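Please keep the sequence and the model open while reading.

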Amino acid sequence: MSRRRTLGTKKKIALLVSAATVAGGGAFVMASTSNAAPTPKSASESTVCLGLATALGNNQKFIADQRARPDALSEARIANREAVVAEIKRKQEASGCVVGESAQDSQAAQPAQPSAPAASAPAASAPAASAPAAPPAASAPAGNGGGGAAAGQQVCNGSTVTLSGEGGAPAASSNQFPAGTKLKVTNLDNNKSTTVEVTSVSGSCVLLNNAAFEQVREPGKFLIRRAVIQKVG
């Protein structure tokens, strides 16, 4: 007559505890894996991408303007800026940014803020007396952001500064200042400045070429948010 081996109570409890531990550990690993979120971009990476997107948008706008109003030099300018656009896209890919995204695309993607409904005016019980005409609004000083600015005057207030991507000696391009105008650009984030001459037109107030941008940039950044731009006599 064969004997059937039986497990003691303590051994049964030990086996059940081990099985529960393994099952619980597996469930924890699965939960941890499924809940893992993608690592967000750091602030420096976001700044780099924004700077490249701004530079791309400026150059694309310049190309569009040249095609809309061509002249004898438009074909050469467009060919040069298309090479710049290709270089900016290469930098976007190397920096982990969205290739081909421009600042204009980012602004267009933002939902428009609904305007507040205008408050209805209360009904007048009697005809109101005509109010005196308001004096005309004072006009801004001439040349506050354009080619008519006086020497030493701050211009392009509130403008960010990006790079055009062009090579050569330090220079700038602008849609407000004619060729030959000298501008001093100061980066308030590191107090570095450079004085450059405008040599061509662009789609924004001031674009610095690669050499000029290197003189005032912060490492790894393609955008100067806090800049002071002055016209030099």
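## Strand pairing around β8

Val185 stands opposite Ile229 in β8. The strands β4 (182-187) and β8 (227-232) run antiparallel and are joined by six bridges. β8 also runs antiparallel to β1 (154-155), with two bridges between them; here Val155 has Ile229 as its bridge partner. Two strands count as paired if DSSP finds at least two bridges between them. Helices (H or I, at least four residues) and strands (E, at least two) are DSSP runs, numbered from the N terminus.

The model is predicted, so local features need pLDDT of at least 70 and side-chain atom pairs count only at pLDDT 80 or more, while totals for chains, interfaces and linings use all residues. Residues are numbered from 1 along each chain as its sequence is written, and side-chain values use heavy atoms, with hydrogens and water left out.

## Nonpolar core

In soluble globular proteins, nonpolar side chains tend to be buried together. The largest nonpolar core in this model has 31 residues. A core of this kind is a set of buried Ala, Val, Leu, Ile, Met, Phe, Trp, Tyr and Cys residues joined through side-chain atoms within 4.5 Å. Buried means under 20% relative accessible area, exposed means over 50%, and partly exposed lies in between (1.4 Å probe, protein chains only).

Which residues have the most contacts inside the core? They are Cys156, Val161, Phe177, Val206, Leu208 and Ile229. Two or more residues each come from α2 (43-68), α3 (74-94), β2 (161-163), β4, β5 (192-200), α5 (210-216) and β8. α2 gives the most, with six residues.

## Helix α3

The 21 residues of α3 should span 30 Å at 1.5 Å a residue, and this agrees with its end C-alpha atoms, which are 30 Å apart. The expected span is 1.5 Å times one less than the number of residues. After α3 comes Gly96, with a positive phi near 80°.

Which residues of α3 are buried? They are Ser74, Ile78, Arg81, Val84, Val85, Ile88, Lys91 and Gln92. Seen down the axis of α3, these residues fall within an arc of 135°, so they line one face of the helix. The arc is that of the directions from the helix axis to the C-beta atoms. An α-helix has 3.6 residues a turn, so residues three or four places apart point the same way. Glu75, Ala76, Glu93 and Ala94 are exposed on the other side of α3.

## Salt bridges

Eight salt bridges are found in a search of the whole structure. The criterion is a side-chain nitrogen of Lys or Arg within 4 Å of a carboxyl oxygen of Asp or Glu. Two of the pairs described here involve α3. Arg67 pairs with Glu82, with the closest N and O atoms 2.7 Å apart; Arg67 is in α2 and Glu82 in α3, 15 residues apart. Arg67 counts as exposed at 53% relative accessibility, and Glu82 as partly exposed at 37%.

Glu166 forms a salt bridge with Arg81, the closest N and O atoms being 3.7 Å apart. This pair links the loop between β2 and β3 (172-173), where Glu166 lies, to Arg81 in α3, 85 residues apart. Glu166 counts as buried at 17% relative accessibility, and Arg81 is buried with a relative accessible area of 2%. A further salt bridge joins Arg226 and Asp189 (2.8 Å, N to O). Arg226 is in the loop between β7 (223-224) and β8 and Asp189 in the loop between β4 and β5, so this pair ties together parts 37 residues apart in sequence.

## Disulfides

The chain has two disulfides, each being a pair of cysteine sulfur atoms within 2.5 Å. Their pattern is 1-2, 3-4, with bonded cysteines counted along the chain.

Cys49 is joined to Cys97, with S to S at 2.1 Å. Cys49 lies in α2 and Cys97 in the loop between α3 and α4 (103-109), so the pair ties together parts 48 residues apart in sequence. The torsion about the S-S bond is about -85°, so this disulfide is left-handed. Cys156 and Cys205 form a disulfide with their sulfur atoms 1.5 Å apart. Cys156 is in the loop between β1 and β2, and Cys205 in the loop between β5 and β6 (207-208), 49 residues apart. Both Cys49 and Cys97 are buried, as are both Cys156 and Cys205.
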